[in-house]
Amino acid sequence: MAIEIIDAIGKENFVSIDNCATRLRLILKDNSTIDDKKIKAAGTFGIKRLGTESLQIVIGPDVEHVANEMRKLLI
């Protein structure tokens with residue numbers, strides 16, 4: 001799932017990755033350029049844009065594993 005989300009957002013677009021209990025909380029350079037369909041096809045439950053840079057992706061209780069994998073892939 002982490003690879004699909006990164007591909008849908010674009011590696012260069014990430015500023016920070018965080019998570020809560022069920023959501024991936026991202027700060028992006030621009031959240032208007034992401035591919036919502038690809039993110040949903042990755043198995044996520046929903047997407048919420050907050051302003052022009054924040055994005056939350058509802059993943060569920062496995063979100064911490066996805067966030068950690070994304071951090072590893074983006075280093």
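The accessible surface of the chain comes to about 4400 Å², and 51% of that area belongs to carbon and sulfur atoms; accessible areas come from the Shrake-Rupley method with a 1.4 Å probe, and for residues only the protein chains shown count as cover. The structure is a predicted model, in which local features need pLDDT of at least 70, side-chain atom pairs count only at pLDDT 80 or more, and totals for chains, interfaces and linings use all residues. Residues are numbered from 1 along each chain as its sequence is written, and side-chain values use heavy atoms, with hydrogens and water left out. Buried residues make up 36% of the 75 residues in the chain, where buried means under 20% relative accessible area, exposed over 50% and partly exposed in between (1.4 Å probe, protein chains only).

The chain has three helices and four strands. Helices (H or I, at least four residues) and strands (E, at least two) are DSSP runs, numbered from the N terminus. Read from the N terminus on, the elements follow the order α-β-β-α-β-β-α. The radius of gyration of the chain is 11 Å, close to the 11 Å that the globule rule gives for 75 residues, so the chain is as compact as a globular protein of that length. This radius is taken over C-alpha atoms, and the globule rule is 2.2 Å times the number of residues to the power 0.38. Along its principal axes, the C-alpha trace spans about 25 × 25 × 20 Å. Contact here means heavy atoms within 4.5 Å; among contacts between residues at least 6 apart in sequence, 54% join residues at least 24 apart.

Turning to the sheet, the four strands form an open sheet in the order β1-β2-β4-β3, with antiparallel pairing. Strands β1 and β3 (46–50) stand at the edges with a single partner strand each, so one side of each is left without a neighbour in the sheet. The twist averages 20 degrees from one strand to the next. Helix α3 (residues 63–74) packs on the sheet, where α3 touches β1 and β2, and its direction makes about 155 degrees with that of β1. Axes are lines fitted to C-alpha atoms, for helices over the stretch in contact, and angles run from 0 to 180 degrees between N-to-C directions.

Two strands pair if DSSP finds at least two bridges between them. Strand β1 (residues 14–19) pairs with β2 in the antiparallel sense over five bridges, and a hairpin of three residues joins β1 to β2. Within this pair, I17 stands opposite L26 in β2. Five bridges also join β2 to the antiparallel strand β4 (residues 54–58), where S54 is the bridge partner of I27.

Helix α1 (residues 2–9) has A2, I5, I6, A8 and I9 as its buried residues. Seen down the axis of α1, these fall within an arc of 165 degrees, so they line one face of the helix; the arc is that of the directions from the helix axis to the C-beta atoms. On the other side of α1, I3 and D7 are exposed. The buried residues of α1 pack against β1, β2, α2 (36–41), β4 and α3. Just after α1, G10 takes a positive phi of about 100 degrees.

Two single residues complete the picture. I47 is found in strand β3 and, at 22% relative accessibility, counts as partly exposed. Leaving aside its neighbours within four places in sequence, I47 is in contact with D36, I39, K40, L55 and Q56. I47 and E64 are 17 residues apart in sequence and 17 Å apart in space, C-alpha to C-alpha. P61 lies in the loop between β4 and α3 and is exposed, with a relative accessible area of 72%. The C-alpha atoms of P61 and A21 are separated by 6.2 Å, although these residues are 40 apart along the chain.
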